[in-house]
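This briefing is intended to be read beside the sequence and the structure.

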Amino acid sequence: MRIEIDDKSGFCFGVVRAIGEAEKALAESGTVCSLGDIVHNRIEVQRLERLGLRSVTRDEMPSAAGSCLLIRAHGEPPTTYARARGLGIRIIDATCPVVARLQARVKQAHAEMRSAGGQVVILGKRGHAEVVGLTGQVAEPTIVVESEEDLAQIDFARPLYFLSQTTQSIALFERLGAEMRRRAADPAAVRIDDTICRQVSGREQHLAEFAARFDVVLFVCGRKSSNGKVLFEVCRRANPRTYNIEEAAELRAEWFEGATSVGICGATSTPKWLMQEVAESIGNKE
């Protein structure tokens with residue numbers, strides 16, 4: 001059986017940077033706290049935990065007093081930094097530069113809409129760490145939409161500024177933006193600011209082409225990965241015999257019946273070494 005790992009899948013720059021910062025700090029101190037899972041991949045988190053990384057929630061932040069706390073690539077609202085300073089915690093800020101620029105744009109959008117009597121809307125997954133960080137940049141409420149049904153929250157008689165979580169689908173962003181302009185009392189008062197990371201979004205077309213080349217496709221990603229859910233669907237549309245797994249132990253023999261080729265790919269939160277383990281496991285089962 002021919003097995004190929006997609007050379008463009010794997011960690012994006014922001015995740016590589018965050019994990020590098022964690023590994024450097026762990027080598028120096030032996031123990032580092034991460035505010036939430038450093039990456040939405042259970043297997044990679046477990047690897048880092050064996051090196052001494054400890055994930056903590058916001059409620060558990062006092063337990064990190066006197067030590068260092070890593071802010072992962074998703075970023076955090078200003079209140080988190082203020083609380084850490086108050087607790088005597090040293091911050092390792094691994095916020096992805098793309099996310100940091102988006103945080104600044106959210107503040108700018110609110111300033112513009114404040115003076116125009118408008119509203120700020122973000123396409124994103126509610127409760128996702130990046131979205132929490134974005135909406136927490138200002139005191140005013142930010143409207144978060146996940147689908148067309150959520151547009152009911154918007155007052156289309158007022159101006160609006162539309163942005164996106166960095167890992168969202170370009171097609172969905174464009175579709176919702178067009179619908180907002182269609183519903184708006186004044187379409188010219190709808191500002192659309194495409195803030196989707198092209199290192200991530202550029203993978204959609206590539207993965208569609210990659211998935212179509214194989215009899216079976218294995219998409220490897222953590223269950224919590226928002227980006228993984230989007231990219232898995234891209235692969236599944238291109239190839240109905242696409243299966244989403246978190247690790248090699250989930251492989252099932254019946255998936256490969258009659259197949260002569262297997263493509264392995266993953267999300268921006270999927271480490272290369274994990275995809276390699278999946279490939280080796282398939283090879284061992286042949």
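A search of the whole structure, which is a predicted model, finds four aromatic pairs. A pair of aromatic rings is described by the distance of the centres and the angle of the planes.

**Aromatic pair Phe162 and Phe173**

- Phe162 and Phe173 are stacked, with 4.5 Å from centre to centre and 15 degrees between the planes.
- Phe162 belongs to strand S8 (residues 160-164) and Phe173 to helix H6 (residues 170-183), so the pair ties together parts that are 11 residues apart in sequence.
- Phe162 has a relative accessibility of 0% and therefore counts as buried.
- Phe173 is also buried, its relative accessible area being 2%.

**Aromatic pair Tyr243 and Trp255**

- Tyr243 and Trp255 form a stacked pair, with centres 4.3 Å apart and planes at 5 degrees.
- This pair links distant parts of the chain, 12 residues apart: Tyr243 is in strand S11 (residues 242-245), and Trp255 is in the loop between S11 and strand S12 (261-266).
- Tyr243 is partly exposed because its relative accessible area is 22%, and the cut-off for buried is under 20%.
- Trp255, at 10% relative accessibility, counts as buried.

**Helix H9**

- Helix H9 (residues 226-238) contains 13 residues and spans 19 Å from its first C-alpha to its last, close to the 18 Å expected at 1.5 Å a residue.
- At the start of H9, a side-chain oxygen of Ser225 comes to within 2.8 Å of the backbone nitrogen of Gly228.
- The buried residues in H9 include Ser226, Asn227, Gly228, Leu231, Phe232, Val234 and Cys235.
- An α-helix has 3.6 residues a turn, so residues three or four places apart point the same way.
- Among the elements that cover the buried residues of H9 are helix H7 (198-201), helix H8 (203-211), strand S10 (216-220), S11 and S12.

**Strand S12**

- Six of the six residues of S12 are buried, so this strand is largely enclosed by the rest of the structure.
- Both faces of S12 are covered, with Ser261, Gly263 and Cys265 buried on one side and Val262, Ile264 and Gly266 buried on the other.
- Strand S1 (residues 2-5) runs parallel to S12 and is joined to S12 by four bridges; Glu4 stands opposite Gly263 in S12.
- S10 and S12 also pair in the parallel sense, over five bridges, and the bridge partner of Phe219 in S12 is Cys265.

Technical notes
Residues are numbered from 1 along each chain as its sequence is written. This is a predicted model: local features need pLDDT of at least 70, side-chain atom pairs count only at pLDDT 80 or more; totals for chains, interfaces and linings use all residues. Side-chain values use heavy atoms; hydrogens and water are left out. Rings of Phe, Tyr and Trp (its six-membered ring) pair if their centres lie within 6.5 Å; planes under 30 degrees apart count as stacked, over 60 as edge-to-face and the rest as tilted. Helices (H or I, at least four residues) and strands (E, at least two) are DSSP runs, numbered from the N terminus. Buried means under 20% relative accessible area, exposed over 50%, partly exposed in between (1.4 Å probe, protein chains only). The expected span of a helix is 1.5 Å times one less than its number of residues. Contact means heavy atoms within 4.5 Å. A polar contact is a pair of N or O atoms within 3.5 Å; within protein, one must be able to donate a hydrogen and the other to accept it, and residues adjacent in sequence count only if both atoms are side-chain atoms. Two strands pair if DSSP finds at least two bridges between them.
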